[in-house]
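Work through the exercises below with the sequence and the model open. Each task is followed by a solution in steps.

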Amino acid sequence: MSISNFFKIEQYGSSIKKEIIAGTTNFLTMAYILGVNTVILTASGMDFNSVFLATAISSAIACFVMGLYANAPLGLAPGMGSNSFFTFVVVKLYGYSYQEALAMVFLSGTFFIILSLTGIRDKIINSIPENLKQSIGAGTGFFIALIGLVKAGIVVDSPATLITLGNLKNPTVLLAVFGFLITIVFISKKLEAAVFFGLLVTAIIGVILGKFGIEGMPIFANEIVKVNTSLNHFGDFIIGLKSLINKPDAIFLIFTFFFVDFFDTAGTLVAITNKITTSTERKYEMKKMLFSDAIGTIVGAVLGTSTVTTLTESTSGVAAGGRTGLTAIVTGLWFLIASMFTPLVSIASPILVNGIYLEPIIAPSLICVGILMATQLADIEWNDFSAAASGFITIIMMVLTYSIPNGIAAGFVVYVFSKLFTNKVKEVKPSVWAMFTLFILHFIIK
């Protein structure tokens, strides 16, 4: 069987060339995870080289499972919220060891597997009202765009107004602005793989400017190959499991890992697959995608890293034309390659500017992807106030709380209340009532 037939590439309106470009684009927008995740987990006492390799290998395996089993163009890697929770809350705030934190990740992933095999996760996501699905998609777009604006330095924090305009005179910020504008031009001209070429052109311009002495530009490393074979934390979660037996209070932290990953993944999958199916009329099997995501979490815990999950950056690969599992396979291959060519990946690494890390190569693609996803606003029934209210709250809470799960939770609560005191209360399904109760508890505990 040919690659094209195995992944049903033609049926999804794609081509092998598009899939390779999309997978490469996915990786480029996710490459920062290798460095950032490693730095964050190292702060918990873990070994740098071991975490780096575990991040690369677990991301690759998760991408392979997603591609081969679910045939979806999604990239997976350790989630940024979960790794911070792992280090700064579980280990540093509550005093658990990193082995115990790995055990918590493993248990949350195991619970995911059980729910995925029974189909409960699938049913929960499919029970989400259609207007809320569109809101989650659009809200995720705004959320991704905000991340891009922050990574570009176009938007910065402010003690007076929370956020404000960044320094547009700074060369690094200007490079990001250039990247955004050139990507907009490419997309407007309907250029194939516009997002990828936007990344490429921005990187080339940045390296050239750096050669001319402009500060704050990406650097092309002189060293290319650096082989790393350290996996010192492989199986450390077993040590953590043994000690957690005597710590029943850990159940609340395990639940938090579970909750964040579940609804972060749910929001990402709903947002991305809605966007793809709109243009291809081909549907993806949610159950298989969720199972693949759960496998990633368990593999990550076993190898020695925090929760591996489907990343919102996958939207960049979709925007570049990715439609099948081949995109995920290519993304995974790049993660494996990156484990041996660490210096080469540094061209897309964050750049320290006045105490803030900026990512001028990656940021423009995230802003543009956010714009593309925000078009789902058009499919929300704004004339129906319950749809408008729940949709609006979903979107604005995602952006202002910097959290996809918080947005989904708030949207569900408003949706149920909008139906509760009207004759439309019968429209609320039992599964939605169950999630409504869960979200209320989430906000109380939080």
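**Exercise 1. Which residues form one aromatic cluster with Phe27?**

Step 1. Phe27, Trp334 and Phe335 make up one aromatic cluster. Rings of Phe, Tyr and Trp (its six-membered ring) pair if their centres lie within 6.5 Å; planes under 30 degrees apart count as stacked, over 60 as edge-to-face and the rest as tilted. The structure holds 13 aromatic pairs.

Step 2. Between Phe27 and Phe335 the ring centres are 5.2 Å apart and the planes stand at 90°, so this pair is edge-to-face.

Step 3. Phe27 belongs to helix H2 (residues 16-30) and Phe335 to helix H15 (residues 325-340), so their pair ties together parts 308 residues apart in sequence. Helices (H or I, at least four residues) are DSSP runs, numbered from the N terminus.

Step 4. Phe27 is buried at a relative accessible area of 5%, and Phe335 is buried at 0%. Buried means under 20% relative accessible area, exposed over 50%, partly exposed in between (1.4 Å probe, protein chains only).

The model is predicted: local features need pLDDT of at least 70, side-chain atom pairs count only at pLDDT 80 or more, and totals for chains, interfaces and linings use all residues. Residues are numbered from 1 along each chain as its sequence is written, and side-chain values use heavy atoms, with hydrogens and water left out.

**Exercise 2. Describe the pair of Phe143 and Tyr402.**

Step 1. The rings of Phe143 and Tyr402 are edge-to-face, at 5.3 Å centre to centre and 65° between the planes.

Step 2. Phe143 is in helix H8 (residues 130-152), while Tyr402 is in the loop between helix H18 (385-400) and helix H19 (404-420), so the pair ties together parts 259 residues apart in sequence.

Step 3. Phe143 is buried, with a relative accessible area of 8%; Tyr402, at 44%, is partly exposed.

**Exercise 3. Where do the buried residues of helix H11 lie around its axis?**

Step 1. In helix H11 (residues 236-244), the buried residues are Asp236, Phe237, Gly240 and Leu244.

Step 2. Their arc around the axis is only 95°, which puts them on the same side of H11. The arc is taken from the directions from the helix axis to the C-beta atoms.

Step 3. An α-helix has 3.6 residues a turn, so residues three or four places apart point the same way.

Technical notes. Helices (H or I, at least four residues) and strands (E, at least two) are DSSP runs, numbered from the N terminus.
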